[in-house]
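Trainee: I'm new to this one. Can we go through it together?

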Amino acid sequence: MTGALAVGFLMNRLEGVARSLPILQGLLITFFLVSARVLARIRHNQTAWPRSPVGRGAKRTTVLVVGINKLSELYLQYTAQQRINCVSVAGLVGDTEHVGLSLMTHKVLGTPEQLAAILRKLEVHGVFVDRIVVTTSPAALSAQAREALRTVEQRTTIAIEFLEEKLGLV
């Protein structure tokens, strides 16, 4: 930017123009480019994170989804298309072969047996889970996974919901 300004000034001497004009022009260009970048960043940050729910007193709920199957995919699609954005998905918990992968832009953070460690790691990053939605049937979970869910339910205020039971699919 400053190189183009200097070359333009040297090539076309602009005899009737003060020597300080290219410096002022460079400062103005820099100011406007930086301002445009800051405004673009602010706008991106406002649209990247879902807005708070519509209406007064509405609370945003952060959810951790346990299980990777068609039901979890359906749940993620529903929360993504919800107009008031009152549900935020912190991530997914699945099998070991899924760890590190993503489903609909939500990362698989670990296995159900690692649930307590996953919740601690999220809290370190400022994400506090309000609810755990289990999309797998309790019988399909290992004994260690069921114990991890029971421990989280007893020791924290996090609500655990089995989606199959809630929808009447059991």
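Predicted model: local features only at pLDDT ≥ 70, side-chain atom pairs only at ≥ 80, totals over all residues.

Trainee: How far apart are the end C-alpha atoms of helix α5?

Mentor: Helices here are DSSP runs (H or I, at least four residues), as strands are (E, at least two), numbered from the N terminus. The expected span is 1.5 Å times one less than the number of residues. For the 13 residues of α5 (143–155) that gives 18 Å, and the model agrees: the ends are 18 Å apart.

Trainee: Which residues of α5 are buried?

Mentor: Buried means under 20% relative accessible area, exposed over 50%, and partly exposed in between (1.4 Å probe, protein chains only). The face turned away from the buried side carries the exposed A143, Q144, Q154 and R155. The buried ones are A145, A148, L149 and V152.

Trainee: What do the buried residues of α5 pack against?

Mentor: Contact means heavy atoms within 4.5 Å. By that rule, the partners of the buried residues of α5 are α4 (115–124), β5 (131–134) and β6 (159–162).

Trainee: And in α4, which residues are buried?

Mentor: The face of α4 turned away from its buried side has R120, K121 and V124 exposed. The buried residues of α4 pack against elements including β1 (61–66) and α5. Those buried residues are L115, I118, L119 and L122.

Note on methods
Residues numbered from 1 in each chain as written. Heavy atoms only, no water.
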